[in-house]
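Me: Hi! Could you walk me through this one with me? I'd like to look at the strands, then a helix pair.

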Amino acid sequence: MANEQVIIELDNRGVARLTMNRPEVHNAFDDVIIAKLRAALAEVRENSAARVLVLQSAGKNFSAGADLNWMRSMADKNYQENVEDAGELGALMWELDQLPIPTIALVNGAAFGGAVGLVACCDMAIAEERASFCLSEVKIGLIPAVISPYVVRALGEPAARRYMLTAERFFATEAYRLGLIDIVAAADSSLEAELEPLLTALLANSPAAIKACKNLIRHVSNHPLNPDVVAETARRIAEIRVSAEGQEGLSSFLEKRSPAWLAANTTSATDGNK
């Protein structure tokens with residue numbers, strides 16, 4: 001496992017850890033790594049036991065973005081080959097963004113170029129206080145095209161205009177202010193210490209409701225508020241009220257007991273510690 005460039009692990013709570021493991025090149029990615037990350041995401045998506053995905057990296061830096069040797073090889077290819085290659089990275093970003101379960105990025109060190117896109121695709125992000133970010137593409141005559149929908153959404157257009165055009169490096173406190181990350185781990189804390197409360201909160205909730213809620217957020221964010229959206233939201237709440245977990249959640253609340261999913265999660269964690 002130590003030699004794997006992408007590691008996927010699932011613990012007994014349902015927390016999947018997806019680790020980029022190329023510390024010798026600052027976790028830069030190329031076509032091979034992109035394919036492996038996509039395969040790992042597919043594995044998580046198909047595993048009903050996976051309830052949360054944590055995206056992280058080995059070594060001192062989250063990711064330097066695109067691998068220099070990979071970029072050099074693409075410069076020698078024609079337009080259509082470049083379209084197809086960029087499409088693979090686009091598919092990775094889309095699949096991470098659309099993953100049904102909650103996703104959390106743990107950002108250590110530097111996150112440059114496409115790595116900022118990975119962070120922006122996650123539902124939540126925690127960064128070390130010393131973590132830095134840079135949309136560096138224009139420095140080398142390129143543009144952050146494939147990651148732009150996610151980065152602009154996360155930063156907002158004014159901040160995207162600045163940092164995409166200047167390629168300035170900015171740090172965790174600024175990333176927090178802009179909304180790219182949710183939590184800054186102070187020097188006397190750690191990413192893991194800040195992660196645990198989020199995991200505890202997420203794992204206490206209905207797995208089916210979490211997925212339905214994430215899908216709901218995506219739907220209402222991409223449609224104007226009109227009678228169709230009002231009707232759709234009514235349909236969705238009705239659908240989940242009559243679902244198995246919806247019924248269990250309401251019953252457990254009224255009966256003042258833990259819902260089945262929480263009891264099952266507690267039992268699983270206890271069994272795992274035997």
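Me: Which way do the residues of β2 point, and are they buried or exposed?
Reply: Val15, Arg17 and Thr19 point one way and Ala16, Leu18 and Met20 the other, and all are buried, meaning under 20% relative accessible area with a 1.4 Å probe and protein chains only. With 6 of its 6 residues buried, β2 (residues 15-20) is therefore largely enclosed by the rest of the structure. This is a predicted model, where local features need pLDDT of at least 70, side-chain atom pairs count only at pLDDT 80 or more, and totals for chains, interfaces and linings use all residues. Residues are numbered from 1 along each chain as its sequence is written, and side-chain values use heavy atoms, without hydrogens and water.

Me: Nice. How do β1 and β2 run, and how many bridges join them?
Reply: They run antiparallel, joined by 5 bridges (strands pair if DSSP finds at least two bridges between them; a strand is a DSSP E run of at least two residues, a helix an H or I run of at least four, numbered from the N terminus). Leu10 has Ala16 of β2 as its bridge partner.

Me: And what is Ala16's partner in β3?
Reply: Leu53. β2 and β3 (residues 52-57) run parallel, with 6 bridges.

Me: Switching to helices: which residues of α10 does α9 meet?
Reply: Val229, Glu232, Thr233, Arg236 and Ile240, with contact meaning heavy atoms within 4.5 Å.

Notes: Buried < 20%, exposed > 50% of the residue type's maximum accessible area, 1.4 Å probe, protein only.
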